[in-house]
Amino acid sequence: MKTTFPAIVTTAEMQAIEGAMFNAGFPVPALMEKVGQRLSDFLQRQFPPYSRVGVLAGPGHNGGDALVVARELWHRGYGVKVWQPFERLKPLTADHARYARFLGLPFVETVDSLQEVDLIVDGLFGFGLERELTGELAAAIDQINTWRQPRVSIDVPSGLHSDTGAVLGTAIQADRTLCLGLWKRGLLVEEAQPWVGQGVLIPFDIPSTLIEAVLATAPRRYCLDASCWQELPLSRSPITHKYQQGQLLLIGGSAQFGGSILLSALAARCTGVGMLVVAVPQSLKSLVLSRVPDAIVVGCPETARGAIAGLPEPLDLRKFSAIACGPGLTPEAVPVVETVLGAGQPLVLDADALNVLATLSPWPLPSPTILTPHYGEFRRLFPDLVTGDRLDQVTAAASRSNAIVLLKGARTAIASPKGELWINPHSTPALARGGSGDVLTGLIGGLLAQQEALSATYGGVWWHAQAGLQAEREATALGVYPEQLIAHLLPTLHAALTAGV
């Protein structure tokens, strides 16, 4: 089953899509009303009606959206104040401002007047801003950022470049950004996250045929969402058996990093893979077998420092549906990495397998290969990819290596050799701890043994992040250590499956 994920667009693409809607007869005022209603509905669900709301209204259509929100919340019983520090307004925005004043909404002269509200709604500037914010406006934004109440930005935090995520002088530091229609590229750049906060997509029913027409020649960029569970290998024949459910070989571990491969193995078996074989140094065999008794654990000869010296002769790599190599391996294990590269089987490389790969030339990567670096490993693999942001870099790396490249981070990005890009918008910094990546390797390896590589990659990324979010909700950010993360994998999947039925 192929899932259609929400598209990610540039400013020019979004302008073209909206322009096509207007040219087809959809009135601009109708779109502003529709967007304003949906924003108001979201805010009403999140904040009680007795809240006091300060609305920042800009001169353009983002400001018009904000004024519709101000009016609607006023009608719904909220205390609303509007700060509109501009004299020249677009005509439609001016109409909404005039009607808001007619209704009696208070317009304040200085931003200080909003300091005691319960919520700030930012509608100063939307997508497409190019100039830096300076002077009194920049000072006001800096002042707002020091206040303690939550800040919600409409479409794009004011002052943030909607393509690159760069801060144009200064920008609103939003707790939530309510992105309108389609995801804007700049909101998903990792460096923009301190300003974006939690991103929420607010759709407004753009016809899919129109999106396809505008994006027909553009590089395909997608945002992962809850429909990812549909890509996981949940459907099975009632007469299947274990050898038809994939066979995964996990290779890793060392005297120095004994727990990494164990975490990968525990995660891999959550994928339902039919047969799990784990190759570790001989000294770790009993440890892994005691924790994963359903796996076949193969003890390998060791170096003097406890790394895998090589794979034993009876181990036939060709029989495996997929191989995942790297967790806890150490850079000593060069012969192991060379062996799995030559096996020709679907492959996941992580951790020290990537560091070994960076020392080899050329790279004889089988197809498909999934590379899963964090940014430090990425720079060792692709030291000359220094132009553009991380999204540009990961796309170039996938094209060059002819591999799927998964760049881990606050906004994990996945690029295919064809130039397609997927970004996971929802994760948690609670996953920034040792062992989280080992869990992800096990997940993707187990999925790759059962399905095609791209689905295994973005399905594993989504599942891993959602389990982290659920663990954080129950145990706080301090409690998302790898065993807790693994313990939440199957309950998280069950919850998604139940909600999606």
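The model is a predicted one, so local features are described only where pLDDT is at least 70. Across the whole structure, a search turns up 20 salt bridges. The largest nonpolar core has 97 residues, and another core, of 57 residues, lies apart from it.

**Salt bridges**

- Side chains of opposite charge can pair when their charged atoms come close.
- E72 and R76 form a salt bridge through their side chains, with N to O at 3.5 Å. E72 is buried, at 11% relative accessible area, while R76 is partly exposed, at 22%.
- E191 and R390 also meet in a salt bridge, at 3.3 Å from N to O. E191 sits in the loop between β8 (183–184) and α6 (193–196) and R390 in helix α13 (residues 390–401), so this pair ties together parts that are 199 residues apart in sequence. E191 itself is partly exposed, with a relative accessible area of 42%.
- A salt bridge of 3.4 Å, N to O, joins the side chains of E332 and R305. Here too, distant parts of the chain are linked: E332 is in the loop between β14 (322–325) and α10 (334–341), R305 is in the loop between β13 (296–300) and β14, and the two are 27 residues apart.
- For this pair, E332 is partly exposed, with 31% relative accessible area, whereas R305 counts as exposed at 66%.
- Through shared partners, salt bridges join E33, D41, R71, E72 and R76 into one network.

**Helix α13**

- This helix has 12 residues, and from its first C-alpha to its last α13 reaches 16 Å, close to the 16 Å expected at 1.5 Å a residue.
- Which residues of α13 are buried? They are L391, Q393, V394, A397, A398 and S401. These residues lie on the same side of α13, because they cover an arc of only 160 degrees around the axis.
- An α-helix has 3.6 residues a turn, so residues three or four places apart point the same way.
- The cover over the buried residues of α13 includes β16 (369–371), α12 (375–381), β17 (404–407), β18 (413–415) and β19 (421–423).
- At the start of α13, the backbone nitrogen of L391 has a side-chain oxygen of D389 within 3.0 Å.
- After α13 comes N402, which has a positive phi, near 55 degrees.

**Nonpolar cores**

- In soluble globular proteins, nonpolar side chains tend to be buried together.
- Within the largest nonpolar core, L43, I251 and L349 touch the most other members.
- Leaving aside residues up to four places away in sequence, L43 touches V69, L73, Y78, L119, V121, V152 and L178.
- The other core, of 57 residues, has L224, C228, L284 and A496 among its members.

- T177 belongs to strand β7 (residues 176–180). Is T177 buried or exposed? T177 counts as buried, because its relative accessibility is 0% and the cut-off for buried is under 20%.
- Not counting residues up to four places away in sequence, T177 touches S153, D155, V156, P157, L187, W195, V196, Q198, G199 and V200.

Methods
Residues numbered from 1 in each chain as written. Predicted model: local features only at pLDDT ≥ 70, side-chain atom pairs only at ≥ 80, totals over all residues. Heavy atoms only, no water. Salt bridge = Lys/Arg side-chain N within 4 Å of Asp/Glu carboxyl O. Buried < 20%, exposed > 50% of the residue type's maximum accessible area, 1.4 Å probe, protein only. Helix = DSSP H or I, 4+ residues; strand = E, 2+ residues; numbered from the N terminus. Expected span 1.5 Å × (residues − 1). Arc of directions from axis to C-beta. Contact = heavy atoms within 4.5 Å. Polar contact = N/O pair within 3.5 Å; in protein donor to acceptor, adjacent residues only side chain to side chain. Core = buried A, V, L, I, M, F, W, Y, C linked by side-chain atoms within 4.5 Å.
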